[in-house]
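The structure comes first, and the notes follow by topic.

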Amino acid sequence: MKICMIGAGYVGLVSAACFSDFGWTVNCVDNDPSRLAALKAGQSPIYEPGLEALMERNVKAGRLVFTDDLKTSVANADVVFLAVGTPMRRGDGYADLSYVFSAVEETAQYLDGFTVITTKSTVPVGTSREIERRLKAKRPDADVAVCSNPEFLREGSAIQDFTHPDRVLVGTDDPRARDVMERLYKPLALRGSPVMFVERESAELAKYAANAFLALKISFINEIADVCEAVGADVQEVASAIGRDRRIGDKFLHPGPGYGGSCFPKDVSALVRTAREARAPVSIIEQVERVNHERKLAMAVRIEAAAGGSVRGKTVAILGVTFKPNTDDMRDAPSLLIVPMLQERGATVRACDPQGRKQAEPMLPGVTWCESADEAATGADVLVIVTEWNEYRALNLEAIKSRMSGSTIVDLRNVLDPAAVRELGIAYTGIGRGRHTASQKSG
Ligand code: NAD
Ligand code: UGA
């Protein structure tokens, strides 16, 4: 099976590496010259655990090639994947499909023999049909079938997610395309992952519905956390109790500073706009979008309150700036709203992140960047855990305290034990932790 993967980002690169590891031959094409140069030198341009080793193994075996030769890659391919970005369009919040359509235009000219073209990118309902229309207009002679094959992997655990998916979803009504996609995913089917064939529109919408539902679940538990604070309950106990109910499930019930990342914010926004346009508004999801934005801003206010009502003239240490741990991705990270708001209110911000600094530095001007949590804590009045990197779960709090000027910790991910923090004479603020949510120093 020969694959052409267009786009070597978080999804394209991981998919290309995993498909090649199944034994397929993959040409991975990217039009960003610096990205391609890094890939050819054996370096992953993104931080994703395990990815470089997987790339190396398959490049060595000759199954994975990084190239800008779209012509040969498309002409030889049984399947062409479109894995380019579909960011939020400026101004109106719809999905920006310009990268998808320009990749389609480029691909059209090189098609040779029966080829399946499939979206891996998250695209609104109707996009596969529109791709087909554009291909037919440009190459009426081409023998193609356009499928939808949305990807459900998460950054930070992308390889595990790709190779052990809850399901593979393929939208197609073409029997030849179905046969190709069945063969392509056979290695996963043999391991027990269901490969589902559905209408193209269903596949396209299912991707948005899944992300919107997960975003809803996070906003739900964030609001329950607020209720816990008001009434003295502990959100972790509540989440664990409701999560045991299999109809609810225990995943995605961690409260925090609001969801971020390259997908939930833009996909929720796109679904809201698509649904409005289709005159079937998703009012619950519209609320989720609003609630999540306000949540991020409320976190800055919470930090101010923990600092005694004002951060003016104070130093705040921020641990973790990426939208989640185990990635260097800064897209729509809560830190991008929280940090500037603290700065506007007069705080000096020191920050550290195990992988995010390179992307974050130009996005967060005025921040003093540090190599470690210890360094960030030095001279800080308040220390805030924004992203739950593992190393922030096991902080040496005594050492941290001795370096700080103040003694206040705000734990936006509930990774610390409030009682243990308080025992050291540090004031602790968590999320939804009932009587532990905000505490005065005990020592
Ligand atoms: P990304 O920005 O990391 O990568 C996109 C890549 O495509 C870039 O390297 C870019 O240079 C390249 N590209 C753009 N136009 C091109 C062209 N015409 N020819 C060749 N290369 C081109 O994006 P991503 O995070 O990988 O997301 C890609 C798509 O997958 C999006 O639709 C996203 O919603 C979806 N998705 C992402 C994730 C995730 O965790 N990031 C998970 C599931 C689905
Ligand atoms: C998410 C989905 O989980 C993937 O299934 C999907 O493929 C992907 O979006 C996509 O379409 O791109 P990802 O954004 O990589 O994956 O990361 P998640 O683990 O879902 O986290 C997203 C955000 O929600 C993060 O900011 C995270 O901190 C937050 N979150 C997650 C919570 O606040 N609480 C939780 O319980 C879970």
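Over the ring of which residue does the charged end of Arg134 sit? The ring is that of Phe101, and the charged end of Arg134 is 3.7 Å from its centre. The model is predicted. A search of the whole structure finds seven aromatic pairs, two of which are described below.

**Aromatic pairs**
- Phe19 and Phe162 pair edge-to-face, with 5.2 Å centre to centre and 85° between the planes.
- Phe19 belongs to helix H1 (residues 10-21) and Phe162 to helix H7 (residues 158-163), so this pair ties together parts that are 143 residues apart in sequence.
- Both Phe19 and Phe162 are buried.
- Tyr259 and Phe264 also form an edge-to-face pair, at 5.8 Å centre to centre and 85° between the planes.
- Tyr259 has a relative accessible area of 6% and Phe264 one of 13%; buried means under 20%, so Tyr259 is buried and Phe264 is buried.
- A cluster linked by ring pairs consists of Phe19, Phe22, Phe81, Phe162 and Tyr185.

**Charge over a ring**
- Besides Arg134 over Phe101, Arg167 lies over the face of Phe152, at 3.6 Å from the ring centre.
- Phe152 is also among the residues that come nearest to ligand 2.

**Helix H1**
- The twelve residues of H1 reach 17 Å from the first C-alpha to the last, close to the 16 Å expected at 1.5 Å a residue.
- Ten of these twelve residues are buried, so H1 is largely enclosed by the rest of the structure.
- The buried residues of H1 include Tyr10, Leu13, Val14, Cys18 and Phe19.

**Ligand 2**
- There are 19 residues around ligand 2, and those that come nearest are Phe152, Leu153, Glu155, Lys207 and Cys263.
- Oxygen atoms of ligand 2 have backbone N or O atoms close by: one of Phe152 at 2.7 Å and one of Glu155 at 2.8 Å.
- A polar backbone atom of His254 is 2.8 Å from a nitrogen atom of ligand 2.
- On its own, ligand 2 has 700 Å² of accessible area, and the protein covers 91% of this.
- Helices H10 (200-231) and H12 (264-277) each supply at least two residues of the shell around ligand 2.
- H10 gives the largest share of that shell, three residues.

Key. Residues numbered from 1 in each chain as written. Chains lettered and ligands numbered in written order. Predicted model: local features only at pLDDT ≥ 70, side-chain atom pairs only at ≥ 80, totals over all residues. Heavy atoms only, no water. Phe/Tyr/Trp six-rings, centres within 6.5 Å; stacked < 30°, edge-to-face > 60°. Helix = DSSP H or I, 4+ residues; strand = E, 2+ residues; numbered from the N terminus. Buried < 20%, exposed > 50% of the residue type's maximum accessible area, 1.4 Å probe, protein only. Lys NZ or Arg CZ within 6 Å of the ring centre and 35° of its normal. Expected span 1.5 Å × (residues − 1). Near = heavy atom within 4 Å. Polar contact = N/O pair within 3.5 Å; in protein donor to acceptor, adjacent residues only side chain to side chain. Areas by Shrake-Rupley, 256 points an atom, 1.4 Å probe, with all protein chains shown as cover.
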